[in-house]
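Hi,

Here is the structure I promised to pass on. Have a look at it first, then read my notes below.

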Amino acid sequence: MMRRSARVLFGTLCLLVTMVAVADEPALQQIARQMARPDLLRGGFVQEKRMTGFDHALRSSGRFVVARGKGVIWTTLLPFPSEVIISADRIYSREADGSRRIQLDTSGQPGLHSINAVMFALMSGDMQTLARQFQITTSRHGVQWQLQLQPKSAMLARAIVRLKL
């Protein structure tokens, strides 16, 4: 069942959402009640990214681990193995063989800190933070649901056009 839930969550853009209720939107509250907020969650993902000038979406897949309040380990297995670790104030990236390590401390860089805060909220299911940054719309078809997030600020919209979960 966890694997099935992960596939639903990571259709268009693979992001983990373990939700808490925000706002007064009944559909969002209903979806939030369906989801658990475990301390540790593991699963698989498939991610598609559409880019201007390309006919087909770039597709990647892998696995993730979310430790509530701590961070996310996002391991891409295909097509190019790599790993990204995201915490509230750091982003760490490395290739599968351990080479090419990149570590970013976001505390001294306001722009990067804002983007990291959004990514951390997306991956850790912090719907209250997301509701401040995005207009959220929901749809349900039986047990399956979808969230669409549109950035509220022009600055964020330059980096993220739309997210579908």
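**What I found**

Gln148 has Lys164 as its bridge partner in strand E9. Strands here are DSSP runs marked E of at least two residues, helices are runs marked H or I of at least four, and both are numbered from the N terminus. Strand E8 (residues 144–151) pairs with E9 in the antiparallel sense over 2 bridges; two strands count as paired if DSSP finds at least two bridges between them.

Before going further: this is a predicted model, where local features need pLDDT of at least 70, side-chain atom pairs count only at pLDDT 80 or more, and totals for chains, interfaces and linings use all residues. Residues are numbered from 1 along each chain as its sequence is written, and side-chain values use heavy atoms, with hydrogens and water left out.

Back to that sheet: it is open, with 3 strands in the order E7-E8-E9 and antiparallel pairing.

E4 (residues 82–86) and E5 (residues 90–95) run antiparallel, joined by 5 bridges, and 3 residues sit between them. E5 is also joined to E6 (residues 102–105) by 4 bridges, again antiparallel. This second hairpin has 6 residues between its strands, and Gly98 in the turn has a positive phi of about 90 degrees.

Rings of Phe, Tyr and Trp (its six-membered ring) pair if their centres lie within 6.5 Å; planes under 30 degrees apart are stacked, over 60 edge-to-face, and the rest tilted. That gives 2 aromatic pairs. Phe45 and Trp74 are stacked, because their ring centres are 4.1 Å apart and their planes are at 20 degrees. Phe45 is in strand E1 (residues 40–49) and Trp74 in strand E3 (residues 71–78), so this pair ties together parts 29 residues apart in sequence. Trp74 is buried at 8% relative accessibility (buried is under 20% relative accessible area, exposed over 50%, partly exposed in between, with a 1.4 Å probe and protein chains only). Phe64 and Trp74 are stacked as well, at 6.2 Å centre to centre and 25 degrees between the planes.

How confident is the predictor? On pLDDT (its confidence in each residue, from 0 to 100), the protein chain averages 75, and 78% of the residues score at least 70.

Cheers

Technical notes
pLDDT is the predictor's confidence in each residue, from 0 to 100.
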